[in-house]
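Subject: Structure handover

Hello,

Please find the structure below. My notes on what was found follow it.

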Amino acid sequence: MATNPGLFTEWPWKKLGSFKYMLLAPWVAHGWYEVATKGWRNADLGYLAILPSLILRVLHNQAWITASRLQNARGRRQIVRRGIEFDQVDRERNWYTLSILSIASLEDDQIILSGILLYLGALYMPGGQYLPLWRADGAVLIALLHAGPVEFLYYWFHRALHHHFLYTRYHSHHHASIVTEPITLLFSIPLIACALTGTASIIAFEVYVIYIDLMNNMGHCNFELVPNWLFKWFPPLKYLMYTPSYHSLHHTQFRTNYSLFMPFYDYIYNTMDKSSDTLYDNSLKNKEEEVDVVHLTHLTSLQSIYHVRPGFAEFASKPYVSKWYMRMMWPFSWLSMVLTWAYGSSFIVERNVMKKIRMQSWAITRYSFHYGLDWEKEAINDLIEKAICEADKSGAKVVSLGLLNQANTLNKSGDLYLLKYPKLRARLVDGTSLAAAVVVNSIPQGTDQVIIAGNISKVARVVAQALCKNNVKVIMTNKQDYHLLKPEMPETVADNLLFSKTGTAKVWLTGDGLDAAQQFRAQKGTQFIPYSQFPPRMLRKDSCSYSTTPAMIVPKTLQNVHSCENWLPRRVMSAWRIAGILHALEGWTEHECGDKVLDMEKVWSAAIMHGFCPVAQD
Ligand SMILES: [Zn+2]
Ligand SMILES: [Zn+2]
């Protein structure tokens, strides 16, 4: 928001929330009515083209946002390197935030406004009706009017806006977001002139709108993408088209590079930043950032695609919950599933840093349900293998296997890859010891018996052993699992492992496969503590409580955290992810995968020592 908002800096339809899109409904309905009564042949095509053009703008902007965030996560050709935290996503929304997070809702407001203006223009402006598909004279007029008056007026208005009085009232908006400014009305000059001279055409209008969005997004994407050869091949282009690094200098220096999209006014009035060319060259040379820890995760539900950081910043900044309107987006969800499936490689979703340890989260492009399909197993293992090799090659010291990437049925907690690559430099970590430690430490003090319900995993085994050693009775509800676990117990404490279907313990440790009937067998006031990667469906509202999946609060020293890890609250990370970070911080040399488990006590105290905190019970 502007530091000192002037008049008209808030959208008049702000109170409508998501219903703001309905503002366009009367015109859309009117268009359909025209088609229904007059038929396609006689309907006004220019009028009908407004809606698809607006939808195209939304998609175009989203494509830039996603591309920008993916690229910025990798760091290649990045212009400004800077981390952001949650409070910036919520409040500040400055340019850095914008370029890395791009607040899509603001852009939507701009698009709604332009939609309303276009509809009004198409109805009431002389020359705005029944536009032909194409007219060359109108297109030339738009280009000239843009390069002339629009760029010129923008330049001088922009310089004036940097005057303190106006800046605090209006322009800090531009430096907060690129769109919510009255100044953007300048773009209507060429369009109105075309309509009034009767030279307007549908294609020319559409191309101009795409040009504006393209240049706007490009200027704020925070990575340099204009290739060098373009300027060598056509030198005057330097004056006709800005580059992302050129405009980024306006945001970092404030008193230079005022131009809209064409830098020649900066050259004429000598406000061009002297470091423009060097920054451009250096940005092009910026390499991918090095990495110490790679956490391998994957997509979860179909709708989770909107929650990954490159999707929508605001969703990603809150714990994931499935929303009805996201389910309505199923065509896009399916499309993105097909696209990610075909992409066939992992992608970087997040980048963090802690005490010189640089970490990245990479997502395997498969959803949870894929992991349960037999015929997908090989492909998934190949993807994970490829990611591990890539991480190893780029110098990562640790690769942690998140969610189902360590499933026993898939790769035996990562053992498969070690057998294949015994000389792997990166340490493979499945995080069992820390996950188990979190579960054991979430059990209230004084508890003398617990029930284990759900499928027995590696974590469950370690938890059961630790509890038996602490003289806590561990009651198992599944006879088969009980017989499986019993021989693994040290003889001296084996008596603490019991089998009973009617146990009355008030603490339940739950894993995958816990069914509803089992949950309802628990006593009132039972505390459910999951040891699984995924949370159970929370069915009992009657004074029962549910803990999060094994996770800890991360210390302040862990930076650039501005999205939530799946369903976990802000600044809470899964134990499996933290395990990899600890492994690198401590420089531990052994792998933790297959049957290998690190010393639980050692891992837990290292976590506490580095400032990770247990998640409080509610
Ligand atoms: Zn400015
Ligand atoms: Zn800008």
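Helix H7 covers residues 136-161, which is 26 residues, and reaches 35 Å from its first C-alpha to its last, close to the 38 Å expected at 1.5 Å a residue. The expected span of a helix is 1.5 Å times one less than its number of residues. Helices (H or I, at least four residues) and strands (E, at least two) are DSSP runs, numbered from the N terminus.

Some points on conventions. This is a predicted model, in which local features need pLDDT of at least 70 and side-chain atom pairs count only at pLDDT 80 or more, while totals for chains, interfaces and linings use all residues. Residues are numbered from 1 along each chain as its sequence is written, and chains are lettered from A and ligands numbered from 1 in the order in which they are written.

Back to H7. A kink of about 40° lies at His146, shortly before the proline Pro149; the bend at a residue is the angle between axes fitted to the seven residues ending there and the seven starting there. His146 is also among the buried residues of H7, which include Gly138, Ile142, Val150 and Tyr154. Here a residue is buried if 20 or more other C-beta atoms lie within 10 Å of its own, exposed if 12 or fewer, and partly exposed in between, with C-beta atoms placed from the backbone.

UniProt, in an unreviewed entry, places the feature "transmembrane region" at residues 111-127, 139-157, 178-211 and 328-349. UniProt positions are given in the numbering used here, feature names are shortened, and annotations may be inferred rather than shown by experiment. In the model, residues 139-157 are 100% helix and 0% strand, with the end C-alpha atoms 25 Å apart. Residues 111-127 are 82% helix and 0% strand, and their end C-alpha atoms lie 23 Å apart.

The overall picture is as follows. The chain has 28 helices and 15 strands, and its C-alpha trace spans about 95 × 60 × 50 Å along the principal axes. Of its 618 residues, 42% are buried. The domain assignment gives domain 1 (14-81 + 97-285), domain 2 (293-433 + 555-614) and domain 3 (447-553); such bounds come from an automatic or database domain assignment. The centres of domain 1 and domain 2, taken over C-alpha atoms, are separated by 37 Å.

Next, the cores. A nonpolar core is a set of buried Ala, Val, Leu, Ile, Met, Phe, Trp, Tyr and Cys residues joined through C-beta atoms within 7 Å. The largest one has 94 residues, and those with the most contacts inside it are Leu434, Val439, Val463, Met552, Ile578 and Val603. Helix H27 (residues 575-586) gives the largest share of this core, eight residues. Domain 2 and domain 3 each supply at least three residues to this core. Apart from it lies another core, of 13 residues, among them Tyr154, Leu249, Phe261 and Tyr280.

What does Leu434 touch, leaving aside its neighbours within four places in sequence? Its contacts are Ala575, Ile578, Ala579, Leu582, Val603 and Ala607, where two residues are in contact if their C-beta atoms, placed from the backbone, lie within 7 Å.

Helix H24 (residues 458-469) is mostly covered, with 10 of its 12 residues buried. Among the buried ones are Lys458, Arg461, Val463 and Cys468. The end C-alpha atoms of H24 are 17 Å apart, which agrees with the 16 Å that its 12 residues should span at 1.5 Å a residue. H24 is followed by Asn471, whose phi is positive, near 65°.

Two further residues have a positive phi without being glycine. Lys356, with a phi of about 70°, lies in the loop between E2 and strand E3 (357-364). Lys356 counts as exposed because it has 8 C-beta neighbours inside 10 Å. Arg571, with a phi near 55°, lies in the loop between strand E13 (558-559) and strand E14 (572-574). Arg571 has 18 C-beta neighbours inside 10 Å and so counts as partly exposed.

Last, Arg351 lies in strand E2 (residues 347-354). Arg351 is partly exposed, because 19 other C-beta atoms lie within 10 Å. Leaving aside neighbours within four places in sequence, Arg351 is in contact with Ala73, Gln360 and Asn560.

Regards
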